[in-house]
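Biologist: I am new to this structure. Please show me how to read a few of its features.

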Amino acid sequence: MDRRQFLSSSSAATAAASAALAGLPTSAAAQARPADVLVVANEFGPNSLDIHTVGANRPAYGVSWLCYDRLMTYAKKKLPDGRVMYDMDKLVPELAESWKIAPDGNSVTFKLRKNAKFHDGTPVTAKDVKWSFDRAVTVGGFPTFQMAAGSLEKPEQFVVEDTHTFTVKFIRRDKMTMNNLAVVVPCVFNSELVKKNATAQDPWGLAWTRNNTAGGGAYKVEAFRPGQEIIYVRNEDWKSGPRPKLRRILQREVPSARNR
């Protein structure tokens, strides 16, 4: 299930999914739970709140998808059997409201939403985008490998034109570059917040973001108890897409399949 499908799940489906989870309250109790609250039981949860962390597991990808924005995301399409999935051939705005490929085909320039803010109320700027991209191509491991898959390899490729204008220079013609900007890794961090919690030994603040978020996405992390649960709450000020119907998501770790 893609993020926008997940965020746009109907209230009826949400209630049904909640009631169906084994080991959760009985039918009467489930019916009493608000329809905009979803409880999920997983085998294990995220080992980090930052996808740039070396060794971040798959549930950590989900944190990034919910709590951080990217410049673009994928449109949705409905399959003949009714399922909804990403349309890999169509990119749509998220943090960027528009973009334009240069006439010579050697770069793309993005115009950021001027009303976009991080969870702490700080406005999102092109400097945050550059810092985040510089981080992704520098920290090593999976993030750097994923960025390179779209020929995004050097900090020099990322240019701040002005407060709300950001350019990516292409080092080679690569049909994957644009698509790669919409995947989970090139998420945008509140750079000043992370830098306040960085050290000389950890200039990208990876130790701090392992247990703290610095995003501006559709959800905030209300609580993170490693090995137990993670609780998300809707970001009521999110401007980068349709407002999610789920107000709160409780994702609990239940290792036993029988208990789940």
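Biologist: At what angle do the axes of helix α5 and helix α6 cross?

Modeller: This is a predicted model, in which local features need pLDDT of at least 70, side-chain atom pairs count only at pLDDT 80 or more, and totals for chains, interfaces and linings use all residues. Residues are numbered from 1 along each chain as its sequence is written, and side-chain values use heavy atoms, with hydrogens and water left out. Helices (H or I, at least four residues) and strands (E, at least two) are DSSP runs numbered from the N terminus. Axes are lines fitted to C-alpha atoms, for helices over the stretch in contact, and angles between N-to-C directions run from 0 to 180 degrees. Here α5 (residues 126-138) and α6 (residues 141-148) cross at roughly 105°, and their axes come within 6 Å. The two helices are therefore roughly perpendicular (65 to 115 degrees).

Biologist: Which residues of α5 and α6 meet?

Modeller: Contact means heavy atoms within 4.5 Å. From α5 come Phe133, Ala136, Val137 and Thr138; from α6 come Pro143, Thr144 and Met147.

Biologist: What is the strand order in the open sheet with antiparallel pairing?

Modeller: Two strands pair if DSSP finds at least two bridges between them. In this sheet of 4 strands the order is β4-β5-β7-β6. At the edges, β4 (96-101) and β6 (158-162) each have a single partner strand, so one side of each lacks a neighbour in the sheet. The twist from one strand to the next averages 25°. Between β4 and β5 (residues 107-112) there are 5 bridges, and Ala96 stands opposite Leu112 in β5. Helix α5 lies across β5, β6 and β7 (165-169), at about 175° to β6.

Biologist: What is the strand order in the open sheet with mixed pairing?

Modeller: Its 4 strands follow the order β1-β10-β9-β8. The edge strands, β1 (37-42) and β8 (219-225), each pair on one side only. Here the twist averages 15° from one strand to the next. Strands β9 (residues 229-234) and β10 (residues 248-253) run antiparallel and are joined by 5 bridges. Helix α4 (residues 58-67) lies across β8 and β9, at about 15° to β9.

How values were computed
Angles under 35 degrees count as roughly parallel, over 145 as roughly antiparallel, 65 to 115 as roughly perpendicular and the rest as oblique.
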